[in-house]
Amino acid sequence: MRRSSTDESTYHRSPSLDSKDYSFPNGAFRRYSSMYGGQFGTASNSFFGFHTNPGPKATKAKYTSPKGNKYVVFYLDLSFIFLLELKRCSMAHNCLQCIKYLMFVFNLLFWLGGCGILGVGIWLAVTQGNFATLSPTFPSLSAANILIVTGTFIMIIGFVGCIGAIKENKCLLLSFFIMLLIIFVLELIVVTLFFLYSDKIDKYAQQDLKKGLHLYGTEGNIGLTNAWSIIQTDFRCCGVSNYTDWFEVYNATRVPDSCCLEFSENCGLHSPGTWWKAPCYDTVKVWLQENLLAVGIFGLCTAMVQILGLTFAMTMYCQVVKADTYCA
């Protein structure tokens, strides 16, 4: 039995969608879903049973990643790069310190060697001052003078290298490298020219030595006189190419007493049978050839020391430049 619509009841039916048009304003559900979507689940597009599209705020909140993560990653990358640079700078500093002390010790020994050579040269100049050169063309080219000049140059170069190494000064290191390189190149040039023109050098040396014989025993040439006397006595020779070289000096058949087999006063006036017959130039040349191995070893050691010094100087110079560039 159908109940009258006019009957009053304490119960009222909820309005349905079919009975009346309860239309909402345009976009109402969209606005409400965007406002309350976070409370009823972001994954669903429904609001109280009605399917709606997510609002702009919900869309932005759903697809936008937090910016804080980017800053964290960027900070970690910078920290990693900083640690790598710090490690590289530390390794470069340790390498620089190792090369620094090696070069300092090397140049200290170099400087001490120069002091020793200079001391020997001074000792020869003081005690053997009368011992001079055999060549009249180069009267100052004596053993004492050569040692003094060589020792002085070695001391200067070693001192520059020591200060440049301990102070890590690029200017001093480069100066040391240039000076040592110039000396090394000059030595190579001299040795090369000597072997290329050895025949011409032999002829010129013999002619120059024969000219020096005319200064034997003259005033002001005590050094040359003593030098010839020592050589003829020690090497048991007479004259440059023959004992007859002295005949032109004395204008007579006579030789110095140092040419005698048995030394005595005025023994050079005796017969040639009591004189040494070997020429001094060839005798000394043969002696040098017999000791060529020792001379070669000495020259090779000198070249190796110079190459080692050049290597140390340039390596340390490059390390200082890198340290100033990357670790300043």
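Helix H6 (198-213), helix H8 (245-250) and helix H9 (280-290) are among the elements that cover the buried residues of helix H7, where contact means heavy atoms within 4.5 Å and helices (H or I, at least four residues) and strands (E, at least two) are DSSP runs numbered from the N terminus. The buried set in H7 consists of Gly-223, Leu-224, Thr-225, Ala-227, Trp-228, Ile-231 and Gln-232; buried stands for under 20% relative accessible area, exposed for over 50% and partly exposed for values in between (1.4 Å probe, protein chains only). The model is a predicted one, in which local features need pLDDT of at least 70 and side-chain atom pairs count only at pLDDT 80 or more, while totals for chains, interfaces and linings use all residues. Residues are numbered from 1 along each chain as its sequence is written, and side-chain values use heavy atoms, with hydrogens and water left out.

The expected span of a helix is 1.5 Å times one less than its number of residues. For the 14 residues of H7 (residues 222-235) this gives 20 Å, and the end C-alpha atoms are 20 Å apart, so the two values agree. Just after H7, the chain passes through Arg-236, whose phi is positive at about 55°.

In one of them, Cys-237 is joined to Cys-280, with 2.1 Å between the sulfur atoms. This link is right-handed, with 95° about the S-S bond. Cys-237 sits in the loop between H7 and H8 and Cys-280 in helix H9, so the pair ties together parts that are 43 residues apart in sequence. Both ends are hidden: Cys-237 is buried at 0% relative accessibility, and Cys-280 is buried at 3%.

Another disulfide pairs Cys-238 with Cys-259, at an S to S distance of 2.3 Å. The link of Cys-238 and Cys-259 is likewise right-handed, with 90° about the S-S bond. Here too distant parts of the chain are linked, as Cys-238 belongs to the loop between H7 and H8 and Cys-259 to the loop between H8 and H9, 21 residues apart. Cys-238 and Cys-259 are both buried.

A further disulfide connects Cys-260 and Cys-267, with the sulfur atoms 2.0 Å apart. The torsion about its S-S bond is about 110°, so the disulfide of Cys-260 and Cys-267 is right-handed. Cys-260 is buried at 6% relative accessibility, and Cys-267 is buried with a relative accessible area of 2%. Elsewhere, two other cysteines have values in the partly exposed range: Cys-98 at 46% relative accessibility and Cys-115 with a relative accessible area of 27%.

Most residues other than glycine have a negative phi. Asn-266, which is not glycine, has a positive phi near 60°. Asn-266 is placed in the loop between H8 and H9 and is partly exposed at 37% relative accessibility. Glu-168 also has a positive phi, near 55°, and lies in the loop between helix H4 (143-167) and helix H5 (170-196). With a relative accessible area of 25%, Glu-168 is partly exposed.

The axes of H4 and H5 come within 8 Å and cross at roughly 150°; axes are lines fitted to C-alpha atoms, for helices over the stretch in contact, and angles run from 0 to 180 degrees between N-to-C directions. H4 and H5 are therefore roughly antiparallel to each other, a label given to angles over 145 degrees, with under 35 roughly parallel, 65 to 115 roughly perpendicular and the rest oblique. Residues of H4 that meet H5 include Ile-157, Val-160 and Ile-163, and their partners in H5 include Leu-172, Phe-176 and Met-179.

Seen as a whole, the protein has ten helices and two strands, in the order α-β-β-α-α-α-α-α-α-α-α-α from the N terminus. Of its 328 residues, 24% are buried. Among contacts with a separation of 6 or more, 62% come from residues 24 or more positions apart.

Notes: A disulfide is a pair of cysteine sulfur atoms within 2.5 Å.
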